[in-house]
Number of protein chains: 4
Amino acid sequence: MKKQTLFFLLLAACISLNAQTPEHSHSHGRKIEFPDIPGYRTLKCDFHIHTVFSDGNVWPTIRVEEALKDGLDAISMTDHIEYQPHKDDIPHPDRNRSFEIAKRFAEAYDILVIRGSEITRSMPPGHFNAIFLEDANKLKVEDVFESFREAKRQGAYVFWNHPNWTAQRPDGITRFDDLHLQLLKEGLFQGIEVVNDITYSDESLQMALENNLTIMGTSDIHGLVDWQFEVPEGGHRPITLVMATGKTPESIKEALLAGRTIAWFNNLLIGKEEYVKPLVMASLKIKSATYPGKTSVARIEIENTSDADLQLRNQSPYTFHANSDVLTLKSHEVTTLEVKTLERKDSIELPFEVLNAVVAPNLHPSIQLTVKME
Amino acid sequence: MKKQTLFFLLLAACISLNAQTPEHSHSHGRKIEFPDIPGYRTLKCDFHIHTVFSDGNVWPTIRVEEALKDGLDAISMTDHIEYQPHKDDIPHPDRNRSFEIAKRFAEAYDILVIRGSEITRSMPPGHFNAIFLEDANKLKVEDVFESFREAKRQGAYVFWNHPNWTAQRPDGITRFDDLHLQLLKEGLFQGIEVVNDITYSDESLQMALENNLTIMGTSDIHGLVDWQFEVPEGGHRPITLVMATGKTPESIKEALLAGRTIAWFNNLLIGKEEYVKPLVMASLKIKSATYPGKTSVARIEIENTSDADLQLRNQSPYTFHANSDVLTLKSHEVTTLEVKTLERKDSIELPFEVLNAVVAPNLHPSIQLTVKME
Amino acid sequence: MKKQTLFFLLLAACISLNAQTPEHSHSHGRKIEFPDIPGYRTLKCDFHIHTVFSDGNVWPTIRVEEALKDGLDAISMTDHIEYQPHKDDIPHPDRNRSFEIAKRFAEAYDILVIRGSEITRSMPPGHFNAIFLEDANKLKVEDVFESFREAKRQGAYVFWNHPNWTAQRPDGITRFDDLHLQLLKEGLFQGIEVVNDITYSDESLQMALENNLTIMGTSDIHGLVDWQFEVPEGGHRPITLVMATGKTPESIKEALLAGRTIAWFNNLLIGKEEYVKPLVMASLKIKSATYPGKTSVARIEIENTSDADLQLRNQSPYTFHANSDVLTLKSHEVTTLEVKTLERKDSIELPFEVLNAVVAPNLHPSIQLTVKME
Amino acid sequence: MKKQTLFFLLLAACISLNAQTPEHSHSHGRKIEFPDIPGYRTLKCDFHIHTVFSDGNVWPTIRVEEALKDGLDAISMTDHIEYQPHKDDIPHPDRNRSFEIAKRFAEAYDILVIRGSEITRSMPPGHFNAIFLEDANKLKVEDVFESFREAKRQGAYVFWNHPNWTAQRPDGITRFDDLHLQLLKEGLFQGIEVVNDITYSDESLQMALENNLTIMGTSDIHGLVDWQFEVPEGGHRPITLVMATGKTPESIKEALLAGRTIAWFNNLLIGKEEYVKPLVMASLKIKSATYPGKTSVARIEIENTSDADLQLRNQSPYTFHANSDVLTLKSHEVTTLEVKTLERKDSIELPFEVLNAVVAPNLHPSIQLTVKME
């Protein structure tokens, strides 16, 4: 081989290799971003929030401001009905107050505030949020069943809060007591928190799947979102992504009752496979797909438009030129994947296990990218 | 339940949850850091480096400065023997020059410079680095076998460079031609690059394991390390971690011949299980391990002292209070892991698959943490 | 000149020049840091803070948490006496409540909480803070003079808030109406805000100096400190540095009455020369002072231990080797200053105008560094 | 005053104050940015650069890559004619080689490479750069005057390098020896470095002004620009801004001979008033100018489109609502300036001293902003 040729081959290789460096898109702020999926809008929602009207530490307006900074579509103030440690200072008997203050403040912005309240009992049944209420005060009755039935009469959507809470379950294990089964039987709650504050529960997920309960993720914020979830350092509050037909209270309620949700927590997506897969697929955009030079190594540029760093495990028969079988597509970046296809193909099928998503305990969904080569 | 009690339970829970936030240790500079393993020092080495004396773009002293900034223990200048595009300007016939200049400059610092050279042929056999040479010039002979035999006579350690290079293997697949088998049979090379520049090869790893070749990772740097590997943005040059009995050329050579290496590339550790497992184990320090309050949820603080973000998959029978089965222990941070052990234990066994390490294609090593509860 | 000599001169110069690069000390968090001055401790204090008990948006405990994060030594909750927009929800008539809640929460920490209140009147006289009160409620009387007199009876320290506030002074100009002069004459207030929230006023400073009023800087925070002063982006809340004999309420009060304060606002220090000069002097530490090689260019390493980027104007007869007459000593960094002294001296006098400090409108204090050469 | 009114005033004030927070524009990369000035393009140029062909440490192509990353318009390789420490390895006698290699490499990019060379003598006269040469080799003659005359014959532009260099001037003071005066008298050099590497010299500036020499700032880079000037940490290489009629070698030469330059060094602009003033003026854009509410405090949003943090001293009769007389308009940000004009005006004149620019030793230029109120 002539040196001159070798030189050009070396040069070509250097340039080609150099070009594989991931492109960085513009840096993102704190607004949470996930794409819509076919047929639905992906709404970012937090339905478990406290204020000074129960045991939270801020006025309801701060909760709206936090949510606006986080780019949320809908929130619910869910102060405890039966628990008001600030009662000496805030004796107002109306359990709708935090909602009303937040609602009025939010009118100037494009964010929905949903009327809610937290039914706060010792275990069983523990704590439950009822949202889409007409009047929170009417839930303040001694008999817990009557409280739930009132929520039902008002057309509320009800979900079980932190069933894994060690203050009520010292082993942290979510389980149904008889009372929960009775509530379920009577149709008195429809959802369950799989994520609450800084906890996630495999058992809650299992319970959600077994009992057809809607999967919820909430911040349960009492202090400041920025501090609790280390937002300036890159953290995010836990939320529920709701796949709704529109940005209206009615659409959200319909979606929650239909179970169309994904919990988003600490870079983990938790939901039913039928929603998680389209969300991950919608997050990925093929920017280019070529075979450079005379190689049969496909060079595919993939943009991840979501907030999740997607951790993928290769399930294709191919190996990669710059990665083992486990790779990360970083949030809001374009990653170049080089696939050794042995021969040049018109189209490549790339199945991946998505390790940072769960559709059941220890079960990660699979997606399949179909890449048309240019 | 009395409100007062509930209040304290809530308060306790808030404090407990709050405390779980990962502690951030002091920020790290660019110096690459991995701990020693039992019986060996973990030396950070880059044995594939170019300068203006072949087709690189910097004077050898810059290579020493880069290596010092990266915290390396040993480097080798490995300019091409047969390929000198700058020959018109740098006609010096001595192929030891880049080594000598680097060596002299390095004398003021605690870094080893190893004499090396790159045997540069068309495929087969392609390119090979010979290091620990006595005189690089003597390798400049037409017959490729004679070149290798001369390296052997000089006591060199020889490894195959970028066997996956698309300029020489258009499908990017590492395979042995007859000539390679002959070289192997004659004991003329002992290692193989599984990582070169910005590429990694599963097939090279497979070949290394099947043929008992030492696993190598190198930068093959021609331009600037800072640019090529995006160091200011948090990237790192690929290197070989060498498990040596001491920081001497002899110890390093012995370790290379014995196959005690791990390639470190783009947050991936590649090596034999017998070295990767102790390295990961040595990187992890249990800072505390308690059962808070009356819970049976173990709270374990783990420090990761290595540069690798360790991506782990839970293989224990337990579930976690704040993670699914896949979690990341960030580099140089303390992560709190909460394990639901159902009952209080004196000691907990925590086996994990290490997803960002490979010991064979698609095969990730398992480690087992034994946590003594306080 | 021989080449060899030239080479060494060049080398020496390169090394010398290289070494002038400022050293970066470890990165600082949000805790505000200023050194003590001879005879006094420098306490970081914010005496103008609101909570939900008047028109602020957080519970008093959040104010203590913010202050702890900011490293403050003392704070005062100063909710409006006469203005309570949240009264429907928080009808508690006791104007000491926010103090009491903050005080109890702060007991676990090393921070002082001072009882205070804001006398809130239309202009004149406008708003005034009274701190070190015994009972805020007693200030709630119709006659403004009686309110001030009650504060005096209680031994309070009283200062005029935002006299430049455009809602009360549409031209933003601080001026004394007859009523203020009467208050002054009767000794009913002793301080004045030169800094309030995100404003600074030259006229307020002038008034402070002319009337021997203590110079105050306060956050007047209603929302969140992190948002209002962009703390994650490097901003800081405005505070008053109080030069006190100890960290006790009594010492602080004594210092305030004696006028020993500096307002710290947006990298600006505002105070009397007798306190600003020692503070800047105490912030500067000579780390080394040498004449390299055969030069008469003094190489002086100066550490700035304060949070202020010190902007200095050279007033010495010397010129600098790497700066014009205006230079910045960055906060918490070591800067190397090279001074061309023409001949080698045992000691160098370096007078500087401190541009980011004011001791009167448009008047910047001068400091004098005496540098003993090693 | 009614409480309701007070509430709205307070609210209005809060919103107004809040809005004054500086807007941050998108973050800037390392490309150096300064606007054009009326009649001229502002070209970013570095005319003092070394490579392995004298005592630099990189191949000329790296110099072009650095310059492209820095956004430069023109560079010159200026290797020493008489000084080649790498001569044993690079014996090539042609002193044009580094230019030629850089020139060829640069052809693919929009950057000009100017042929240059450094006349390297002991003091006097010291070192001089001759650029726009036809053949550098012809300058290699023993007699220093003949070397300069040859440069003149070739139509070169010649400037004195680091006249403050302590290796040649141990006191760091720039002064003219007889030989310099002779060179000047004969018209053998036209410029002088006021900035070299990490040094600046008031005396050089004085000499430039007194002798009508063009003001130059250069990196004199030998190692890597990124390291020497701490580019990842926000530093920048020193350059000369050349006010040229176009981006051609001829235009640049014409501008250099006409003295239309500004040296840019460590946030300092050094040049003749007639060029510095228009550059600062061109850097500032009024984005809005209003009187909010019923106030006479003008609210002016000013964008600084340059790389310089502009440190200004107020010279108007007005005071500011959020600043003392000294303020900083941060690079590539919009700063809101609030000016207390006492009464509402249609147009406001704002003269400022620009402290981070010098037009003579200790002399800072003044600019005047005319702000039309909306």
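Here is a short chat about a strand in chain A and a helix in chain D of a predicted model.

Modeller: Quick housekeeping: residues count from 1 along each chain as its sequence is written, and chains are lettered from A and ligands numbered from 1 in the order in which they are written. Local features need pLDDT of at least 70 and side-chain atom pairs count only at pLDDT 80 or more, while totals for chains, interfaces and linings use all residues.

Biologist: Which residue is the bridge partner of A:Arg313 in strand 19 of chain A?

Modeller: Strands here are DSSP E runs of at least two residues, numbered from the N terminus. Strand 15 (residues 310–314) of chain A pairs antiparallel with strand 19 over three bridges, where pairing takes at least two DSSP bridges. In strand 19, A:Arg313 is bridged to A:Glu353.

Biologist: How many residues of helix 2 of chain D are buried?

Modeller: A helix is a DSSP H or I run of at least four residues. This one spans residues 60–69, and its buried residues include D:Pro60, D:Ile62 and D:Ala67. Helix 2 is mostly covered, and of its ten residues the buried count is seven.

How values were computed. A residue is buried if 20 or more other C-beta atoms lie within 10 Å of its own, exposed if 12 or fewer, and partly exposed in between; C-beta atoms are placed from the backbone.
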